[in-house]
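I opened this one to look up a few spots and jot down what turned up. Here it is before the notes start.

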Amino acid sequence: MSSSLRRRFNGDSTHSLRILETAPRPGVGHTLKTILRELVLLNAERFSVISRRQALQQTGWGFGAMALAVMMGDETRAASPRAAAGVIGTLHHPPRAKRVVQLFMAGAASHIDLWDHKPGLEAHHGEPSDFGEHVEAFQDGLGPWMKSPFPFRPYGECGKSLSEIVAPLGSCVDDIAFIHNMVGKTGVHSQATYLQATGFDRPGFPGMGSWISYGLGSLNDNLPSFVVLPDHRGFASNGPKNWGSAFLPASAQGTTIFPQRANPIEDLFGEARFLTETGDRDALALLNELNGDYRNRHPDDSRLDARIRSYELAARMQLSAPEALDLSQEPAHILRMYGLDRAGSTYPDEINVPEEIEYFGRKCLIARRLLERGVRFVQIWSGNDNSHPRRNWDSHEDVQRDHQPLALGMATGTAALIQDLKQRGLLDDTIILWTTEFGRMPSTQGSKGRDHNPYVFTNWLCGGGIKGGVSYGPSDEWGYKPLDREHPTQVYDVHATVLHLLGVDHKQLTVRHDGIDRRLTDVHGHVLGDLIA
């Protein structure tokens, strides 16, 4: 044990606790085992003539709470329910779905280049844009009208027009309900992303998956109820705050998995050289004894039980997660369907179609495997925060360059996910929600780009009680604002509809925080009955 830590520990137990709280934390598992190892050595020196039980009793907060401090930090969150059960004991009404997949296109995907065909832009391409009112542009994107660089054609029995870059989803349009009159509150990426992810346009609120995890709990004790699959290049705007639990129990936050990495789940397995299976087992036995002592002395402190359950889940995940992520079990035709028949290829630095197909398809296939195994909510991201050259949907400079590979990658994986869930009988009780933070302007920015458009954009829903083959709430002839400006659709309505299909009344799933009964839909939202089968 280091002499400096030995000298500092020889003071009172309160000082010892401060040492631990200010210690560097490269990884909870690594740090906890390191500190326990040194504390055991130290206590062996200090209490060599008394029993282990007496040592634990005499050290009290100086020893037991030091281990707990690593696990609990400064937590003041509410008590967590059992991992397999949410706070809603009885659903508010019969559910149509059990689980949700949210597909989030970071950077603002252009509705008028994917789903919302505008013949008027084709007819007036290159003419000066005239919106008939003052337009507050985010940058300088009020150039001439610009038609989509991608041709559209109809698909399915419903005859829905799609762009060629989302053509793989043409076979699925009869299962999809498109919402073309979505409106936001801001053209700033971070705030708009918060709004779509959490229902609020500022930090400090739980993600949609966290609310659902908190309310409904898990369908499988061996995996998290809420899993996030970020873009392989990094996080989108706001990073993990998009799926944090905020004032909900920590157990409701999303667990991030990077499938393409050698270690997909950080800190799940210890990598320090001194760690052994025996040492792991002894450390856990010691922790259990310390935890029991703490629980006896503080029976009203629920944080310990919540954290114990999270560590128990981590232990179970060491067995269940690798199996869920192992795609070698999938037959060749399923891998081809998801675009994984050339996995592991080397790709150029420039954004390209094969890379997008592989990485998004991999996340979609893993999502299906997680859903099969009882994960309640899976969130899949396409695009990271403002990187250059572009690796997201924020196509200020060149829509064709950025959207084509991203869209083909997204559409290939998403179509495979829908078809795969359908053939396994899982689409009937699984909701798929396609989301982006806002749309893009029908006028040009520069010569080939589009500026932000928070005034109208598209979301779509599929599966789990959704009426397919529907295009709801049209936008105007340009795709600039809703055709009916008095009755737009907002994120609160989409969230309320998803909760309704899960058997939850969005007005009843609330948590008292700062004197306010908070909920996912704030004080807004109504169920979109026209989209329910």
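**Ground rules.** I'm working with a predicted model, where local features need pLDDT of at least 70 and side-chain atom pairs count only at pLDDT 80 or more, while totals for chains, interfaces and linings use all residues. Residues are numbered from 1 along each chain as its sequence is written, and side-chain values use heavy atoms, with hydrogens and water left out.

**Helix α13.** I looked up α13, which runs over residues 399-423; helices here are DSSP runs of H or I with at least four residues, strands are runs of E with at least two, and both are numbered from the N terminus. Its 25 residues reach 34 Å from first C-alpha to last, close to the 36 Å expected (1.5 Å times one less than the number of residues). I found 19 of the 25 residues buried (under 20% relative accessible area; exposed is over 50%, partly exposed in between, with a 1.4 Å probe and protein chains only). Just past the helix, G425 has a positive phi of about 75 degrees.

**A167.** I found A167 in the loop between β3 (160-163) and β4 (176-182). A167 counts as partly exposed because its relative accessibility is 25%. Its C-alpha lies 8.6 Å from that of Y155, twelve residues away along the chain.

**H495.** Is H495 buried or exposed? It counts as buried, because its relative accessibility is 1%. H495 sits in helix α14 (residues 491-501). Leaving out residues up to four places away in sequence, H495 touches L195, Q196, G199, M208, L520 and T521 (contact means heavy atoms within 4.5 Å).
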